[in-house]
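I opened this notebook to record what I looked up in the structure. The entries follow below.

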Amino acid sequence: MLVLLSSAYFAPIEYYCHLYAADAVIEERHEHYLKQTYRNRCLIATPTGPLPLTVPVERSGASHTPIGEVRLSDHGGWKRLHWQAIASAYESSPFFEYYEDDLRGAFFGEYEFLVDFNAALRDACCELLGLHTPVTPSTHYINAASEYPEALDLRTAISPKKSAAAESGFMARPYYQVFQERTGFLPNLSILDLLCNLGPEARLVLRDGLQAQASSDN
């Protein structure tokens, strides 16, 4: 199945479940940038509950900036602060030490645009997860109904404001989390949470995370 996805910052588990199940993905790079979405926000675990990390961005003066033209901001040394938060959250997890160098290398690369930063993080996570679903950036804004009527369009469905199960068929499968005794199980956090806590077994959660499964194993 072809799946249409947005760009996303350390995307949630729901997003990666669809990456796992898809035969191919087109990443939308010509939609208007939307605030308060996973495009520049992720959720990680802390001892007090989920912590949102938001990437500061710069846009042109236009009210509707294409996401492919949204630049990363240098404001406030956010990269250092985000990485410190991620390391603090997962340094005691079973697999962070094995993946830290790869994740850090992608995170601290030189990027001008948000979509390129997000793509580098996605590629690093997919490599660590052993996911090889081809992802192609869009060359224009996609009219799914006319161009890809058989595709699963999740560009707006995967959102912190929407019910995951109702919109995309995602079902949160409990797994070990570092702070679970304090917070209870926290569903649909960033892929970082699943990767650092389960390592290679993260693929099993991705495989079982959708109500309707694809037949192929990427």
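**Entry 1**

I looked up Tyr16, which touches Ala11, Leu121, Arg122, Cys125, Cys126, Leu129, Leu131, Ile191 and Leu206, leaving aside residues up to four places away in sequence; contact means heavy atoms within 4.5 Å. I noted that this is a predicted model, in which local features need pLDDT of at least 70, side-chain atom pairs count only at pLDDT 80 or more, and totals for chains, interfaces and linings use all residues. Residues are numbered from 1 along each chain as its sequence is written, and side-chain values use heavy atoms, without hydrogens and water.

Helices are DSSP runs of H or I, at least four residues long, numbered from the N terminus.

**Entry 2: Helix H4**

I found 13 of the 16 residues of H4 buried, that is, under 20% relative accessible area with a 1.4 Å probe, protein chains only. Just after H4, Gly130 takes a positive phi of about 70°.

**Entry 3: Cysteines**

I looked for disulfides (pairs of cysteine sulfur atoms within 2.5 Å) and found zero. The sulfur of Cys125 has its closest cysteine sulfur in Cys126, 7.2 Å away, which is too far for a bond. Cys125 is buried at 0% relative accessible area, and Cys126 counts as buried at 10%.

How values were computed:
Buried means under 20% relative accessible area, exposed over 50%, partly exposed in between (1.4 Å probe, protein chains only). Helices (H or I, at least four residues) and strands (E, at least two) are DSSP runs, numbered from the N terminus.
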